[in-house]
Amino acid sequence: MIRIATIEGGQHHNMDKHWTIDISLDPNPVPSSSKKLPNFGQGSSTTFFHKGKENEGIISGTTTIIGGGIIWCKRANNVLDLIVVTTTSVLLYSIDNEQMTKTQVVVLEHPAASFWYESQSKSLVVGSYTSNLPRNLSESISDGMISSENMGRGIASSPTVTFPIAVMSMKTLFFKGDSPTFQTLPTFAVGTLREKTVEVKGKLSSHHARDGTDNVSSDDRSNAEENIIFPTEVSLFNFYGSIYCVEIGSLGNGHGIGLTELDSDSSCIRVRQHKIENLSMNAESVSVGAIDNLLCIISSDDKVTHFIDVADIFSDDRRVPRESIKVSELAEGDVTVYDEKISFLPPSYFLNTEDQGLLYQVGISLPLVVKSAPPAACIIPFLLRRKAPKDTIRSFVMERFSALIDTNDLCNLKKWVGVITKQYASNERAIKWDYESTVSLLSKSSLVGLDKTADVNITSTVGEVMIPDSACVETLTQTEMLQMILLPHAMAAVKEGSSEKLRFVASLSVHYLIELERLFLIPCVALEMLVITLLWKAGEQDELASFLSARETQRTITRRRRQLDLPTRNRLYSENPGAAAFAESLFLIVTNSDTEHPSSIKKQLISLATTILMECGATSVAVKCLLTADQIKDAIALCSKRSKANKDTAEIKGIGSQAKDFFRVAAKTAKEQKEDDRCKSFYHLHCFLKQYDPTCFELDKRKVKVSRMEDKNKSTFRKDISTVVVEQSALAHEVRFPDELFRTHHCRRLRSMFGYAESVK
């Protein structure tokens with residue numbers, strides 16, 4: 001009998017409605033009993049083994065509403081769904097609260113011993129006991145050839161059974177939010193991997209037998225029911241928006257956790273078994289809950305709590321740690337969660353039964369959990385999934401990485417990087433966000449101008465960390481890897497002058513870049529810049545040369561495939577944000593180096609940087625950078641090529657690459673040449689400037705300051721500089737000619753070529 005009354009605005013209305021729920025699938029239903037488990041015949045052959053057709057269907061006088069089996073679900077338009085779970089069926093009624101009408105929608109005939117309901121997803125799982133014995137053995141028992149009471153006693157005439165004779169078959173129903181229909185998933189079973197302990201001489205094991213109730217009886221009357229799963233050992237939880245059926249004591253003699261993911265989107269189930277060593281799975285001493293999307297297993301006997309992340313358990317990556325995090329310090333003052341007066345109420349409540357009783361809703365102490373995790377365990381994805389402030393999670397991530405970097409544990413770090421990049425590859429939003437966000441880190445990644453007196457702290461980030469949007473919070477982006485881990489340790493190594501640490505951070509950075517490319521991801525320009533800088537500063541000449549050669553080859557292949565309209569995932573440098581700034585930073589590395597490096601490496605860097613700038617259409621910047629790097633021949637060759645096409649000449653001169661700039665670089669590089677080579681170099685420069693900027697040779701009369709002839713009787717207050725008007729080329733007025741580099745006749749001839757006046761000194 002169901003009675004519904006409406007209350008609006010605190011006023012009770014007399015629109016009461018009485019309905020009778022029909023459970024007449026059984027003509028003689030019986031009331032519920034709190035002392036006996038429904039549909040569990042205490043090991044009788046009728047329940048588990050009889051296959052006769054005369055016993056198919058509903059047995060009269062066995063139908064009853066299972067305790068708690070009246071569930072209300074609210075739907076839209078002021079409609080309620082009433083779910084009634086009985087021992088023989090699941091009934092669904094749709095009740096219109098406005099019209100006060102009741103409609104029976106679904107009658108699902110299904111025997112049930114117990115059920116579990118998750119309100120957030122409106123998921124119902126109904127469990128019923130079925131035989132777990134082979135067909136021939138089950139038929140022998142049902143025919144009376146073998147007594148079920150003697151199963152497993154070790155009698156010579158009867159077989160020894162080490163697995164449970166019955167398991168629980170689970171039926172899943174997902175009720176839709178806006179309609180009274182429901183979705184079912186494939187049936188699965190729990191309790192299948194349990195084992196009974198049978199002693200050698202046919203004696204019973206020391207485990208207590210169960211009497212068919214929710215409790216464990218001390219009556220050692222039969223071994224047939226030993227280690228059969230009971231409803232108290234099964235729970236239903238919502239983790240990360242997905243439903244999981246959890247079975248404790250699922251393996252062997254009770255040392256495992258069975259996890260079954262119920263995926264309504266894919267209409268499938270996924271099963272994982274997790275073994276926990278040295279943990280007593282006695283149902284009376286173990287409580288299971290869900291706290292902050294973590295499976296929490298509290299053992300009052302062992303006084304320990306295990307936290308399991310189902311996302312790691314169901315991960316396909318073998319590098320992800322699947323071991324539970326064991327915590328044994330859960331205490332508040334003098335009271336611990338393992339006291340007898342403290343009761344755990346799933347999913348996340350504790351009840352203090354003293355006095356009037358206090359109810360606590362608990363959360364995860366993230367510092368305590370992190371402290372309890374093994375140092376080498378990659379719990380970075382675990383941390384990123386926690387509902388904690390981003391700064392707190394970031395500090396834990398940095399501490400974990402720093403601990404391994406300080407111990408030079410590159411093996412475990414490579415595993416961590418592999419896990420992080422695989423998770424990163426599955427998040428397209430994070431990849432797109434990284435595409436432009438790392439450009440601002442280029443200057444930091446070049447490590448140029450880093451003073452050894454600068455304040456560098458590996459426990460703090462490099463600059464203010466750029467936080468991605470909410471879709472990326474569970475992923476460690478390239479930007480975060482640079483700001484939180486790679487850059488702080490690289491700067492610390494440069495400040496300390498430790499070549500060993502530089503090599504270690506370089507190896508880690510190179511491995512991170514390789515892992516990204518292995519998953520067909522594009523490393524950001526700041527990461528590539530850091531790799532080149534670290535290899536340069538660490539003196540790894542061969543590895544840097546190989547890296548640069550690989551980059552040139554990759555670029556050539558990509559460009560060629562583009563020309564042939566062939567598919568490729570690689571990008572040209574010109575397609576990456578910050579490519580021009582990346583190339584300029586390469587020039588800065590070459591020109592600001594404190595140590596001497598082989599000229600071949602410098603040429604490779606300069607060649608790569610020049611190519612990138614040319615691809616980006618920044619010819620003028622390329623020429624200016626080449627002149628800054630004293631590469632006069634390359635700058636002339638580049639300008640000559642562009643001049644023939646009548647392109648970029650005005651632009652190149654407009655930003656500072658003028659005739660005087662070429663002349664100054666030629667004079668600077670001539671100091672390291674032989675005189676014959678100097679003459680050839682200046683002759684080559686003269687020919688180039690005549691085409692590049694003929695106006696620089698036009699004669700012009702300007703006032704020039706010259707030194708007076710020596711006068712022994714001159715006054716100490718007399719100025720020895722005179723101003724005269726001299727006619728010479730515009731270039732000669734701007735730049736002094738290096739007379740000291742040439743012999744007299746060569747000097748006169750070159751001065752005449754460039755339009756210098758002979759008498760001016």
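Are phenylalanine 663 and phenylalanine 682 buried or exposed? In this predicted model, phenylalanine 663 is buried, as is phenylalanine 682. A search of the whole structure returns 19 aromatic pairs, and these two residues form one that is edge-to-face, with 5.5 Å from centre to centre and 85° between the planes. Because phenylalanine 663 belongs to helix α19 (residues 659–670) and phenylalanine 682 to helix α20 (residues 675–692), the pair ties together parts that are 19 residues apart in sequence. Both rings also take part in one aromatic cluster, formed by Phe663, Phe682, Phe697, Phe737, Phe742, Phe754 and Tyr756.

Turning to the strands, an open sheet of four is arranged in the order β18-β19-β20-β21, with antiparallel pairing. Its edge strands, each pairing on one side only, are β18 (286–291) and β21 (325–327), and the twist from one strand to the next averages 25°. Within this sheet, strand β19 (residues 294–299) and strand β20 (residues 304–308) run antiparallel and are joined by five bridges; cysteine 296 has phenylalanine 307 in β20 as its bridge partner.

Antiparallel pairing is also found between strand β25 (residues 349–352) and strand β26 (residues 358–361), which are linked over four bridges, with asparagine 352 standing opposite leucine 358 in β26. β25 and β26 form a hairpin with five residues between them, and aspartate 355 in the turn has a positive phi of about 55°.

Terms used:
Residues numbered from 1 in each chain as written. Predicted model: local features only at pLDDT ≥ 70, side-chain atom pairs only at ≥ 80, totals over all residues. Heavy atoms only, no water. Phe/Tyr/Trp six-rings, centres within 6.5 Å; stacked < 30°, edge-to-face > 60°. Helix = DSSP H or I, 4+ residues; strand = E, 2+ residues; numbered from the N terminus. Buried < 20%, exposed > 50% of the residue type's maximum accessible area, 1.4 Å probe, protein only. Pairing = 2+ DSSP bridges. Axes fitted to C-alpha atoms, helices over the stretch in contact; angles between N-to-C directions.
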